[in-house]
Amino acid sequence: MTDFLVLGMESSCDETGVALVRAGQGVPQLLADALHSQVAMHADYGGVVPELASRDHIRRVIPLANQVLAQAGQDLSAIDLVAYTRGPGLAGALLVGAGVACALAAALGKPVLGMHHLEGHLLSPFLSADPPAFPFVALLVSGGHTQLMRVDAVGQYRLLGETIDDAAGEAFDKSAKLLGLGYPGGPALARLAESGDASAFKLPRPLLHSGNLDFSFAGLKTAVLTQVQKLGPSTGEQARADLAASTQAAIVEVLVKKALAALQATGLKRLVVAGGVGANRHLRASLDAAARARGWRVHYPEMRLCTDNGAMIALAAAMRLQAGLAVPQRDYAFDVRPRWPLDQLERSH
Ligand code: KG4
Ligand code: ZN
């Protein structure tokens, strides 16, 4: 396959990401990427406001695309394919990316490809200095998803287990809110936890011994609420840090135990961790230690590519094309899929 350039656009939630990837032989190469995070804009509301997110994506996406092309020393005519996030995510935010990608591709006379956001996360470690090899177990831990998948090749994803209620990222975010921390809660809670004692509070480890690979985090949030109420409004900084550390420890212990159980059950020796919670240092250290003790390997995306970005969308599109799995479109008709299970990708793509 001769070299081709993919422009990727991500706009499923509160980050606008654009990236340019060169693909052809082997692992695609990231030429340039740019990101605008809407975190500051949504912070006043304590969470993402969908309508504001859509409007901001409209403002940012073209300037970011220009920035990426300038960084890579390329112009629009060099693009061979435009890829965008088709789902899952916020409908309005997805429509912005889809609309802009299709309009741009139509203007350039180039094909377009709608991508699955979680497939982007899942493949993102291939852009790291230590890329994985197939097959592997993937622990997908984002704001909306907590899933263990068996990954045999690009496009071959089998669900092994998932959360029956809140996602791990949600547990971080909701607990952080209860602790009076800002949005997004995960990084803020992790920061506060650094000065806390993780054994100070006994918090539940839901489904830890369930014997399957499913998760549940809703009960943990309730337990954190109970502790916050017990401590009262004048809680000292140390008690808050202790509760943050205990919460983080509970979430991480469950994630590590289930990820190891998935490796055991599949007989695989490689784990890939992807999605925003994969940026958590305590999770990384715990997984690394547990895997090292068993001679297993853990692969992560680069820290900055753990959360949403355009690079993972361009990469996933390039890898799908290289694998002969994708049929780029030239009719420029688009729809988005706000809800779209990853293991249904093959059937519905
Ligand atoms: O993958 P992502 O950027 O967006 C979705 O696709 O959902 O993940 C966002 C989630 C949020 O819940 C955020 O709080 C969490 O990832 N997160 C973290 C950390 N960084 C981001 N959670 C714990 N520790 C972190 N360092
Ligand atoms: Zn994401």
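Reader: In which loop does Pro135 lie?

Author: The model is predicted. A cis peptide bond joins Phe134 and Pro135, with omega at about -5 degrees. As for its place in the chain, Pro135 lies in the loop between helix 4 (117-123) and strand 6.

Reader: Which residue is joined to Pro88 by a cis peptide bond?

Author: Pro88 is found in the loop between strand 4 (81-87) and helix 3 (91-108). The cis bond has an omega of about -10 degrees. The residue joined to Pro88 through this bond is Gly87.

Reader: Which element gives the most residues to the largest nonpolar core?

Author: The largest nonpolar core has 48 residues, and those with the most contacts inside it include Leu139, Phe217 and Leu255. Among the elements that give two or more residues to this core are strand 6 (136-141), helix 7 (218-231), helix 8 (237-266) and helix 9 (281-294). With 14 residues, the element that gives the most is helix 8.

Reader: Which residues does Leu271 contact, leaving aside its neighbours within four places in sequence?

Author: Leu271 is one of the residues with the most contacts inside the largest nonpolar core. Once neighbours within four places in sequence are left aside, its contacts are Val137, Leu139, Ala259, Leu263, Leu287, Arg297, Val298 and His299.

Reader: Are helix 5 and helix 6 roughly parallel or roughly perpendicular to each other?

Author: Two packed helices are described by the angle and the distance between their axes. The axes of helix 5 and helix 6 come within 7 Å and cross at roughly 65 degrees. Angles of 65 to 115 degrees count as roughly perpendicular. The two helices, helix 5 and helix 6, are therefore roughly perpendicular.

Reader: How do the residues of the contact of helix 5 with helix 6 divide into nonpolar, polar and charged, and what are the numbers?

Author: The crossing of helix 5 and helix 6 is left-handed. Helix 5 makes the contact through Phe172, Asp173, Ser175 and Ala176, and helix 6 through Gly185, Gly186 and Leu189. The contact residues divide into three nonpolar, three polar and one charged.

Reader: Is Val68 buried or exposed?

Author: Val68 is found in helix 2 (residues 50-72). Leaving aside neighbours within four places in sequence, Val68 is in contact with Leu7, Val18, Ala19, Leu20, Ala32, Asp33 and Ala34. Its relative accessibility is 0%, and the cut-off for a buried residue is under 20%. Val68 therefore counts as buried.

Reader: What separates the C-alpha atoms of Thr2 and Gly24?

Author: Thr2 has its place in the segment before strand 1 (4-10), and its relative accessible area of 68% makes it exposed. Not counting residues up to four places away in sequence, Thr2 touches Ala23 and Gly24. Thr2 and Gly24 are 22 residues apart along the chain, and their C-alpha atoms are separated by 5.4 Å.

Reader: What is the relative accessible area of Leu207?

Author: Leu207 lies in the loop between helix 6 and helix 7. Its phi is near 60 degrees, a positive value in a residue other than glycine. Leu207 is partly exposed, and its relative accessible area is 30%.

Reader: Where is Tyr332 found?

Author: Phi of Tyr332 is near 60 degrees, a positive value in a residue other than glycine. At 22% relative accessibility, Tyr332 is partly exposed. Tyr332 is found in the loop between helix 10 (311-322) and helix 11 (345-348).

Conventions
Residues are numbered from 1 along each chain as its sequence is written. Chains are lettered from A and ligands numbered from 1 in the order in which they are written. This is a predicted model: local features need pLDDT of at least 70, side-chain atom pairs count only at pLDDT 80 or more; totals for chains, interfaces and linings use all residues. Side-chain values use heavy atoms; hydrogens and water are left out. A nonpolar core is a set of buried Ala, Val, Leu, Ile, Met, Phe, Trp, Tyr and Cys residues joined through side-chain atoms within 4.5 Å. Buried means under 20% relative accessible area, exposed over 50%, partly exposed in between (1.4 Å probe, protein chains only). Helices (H or I, at least four residues) and strands (E, at least two) are DSSP runs, numbered from the N terminus. Contact means heavy atoms within 4.5 Å. Axes are lines fitted to C-alpha atoms, for helices over the stretch in contact, and angles run from 0 to 180 degrees between N-to-C directions. Angles under 35 degrees count as roughly parallel, over 145 as roughly antiparallel, 65 to 115 as roughly perpendicular and the rest as oblique. A crossing is left-handed if the near helix is turned anticlockwise from the far one by less than a right angle, and right-handed if clockwise. Ala, Val, Leu, Ile, Met, Phe, Trp, Tyr, Cys and Pro count as nonpolar, Asp, Glu, Lys and Arg as charged, and the others, Gly among them, as polar.
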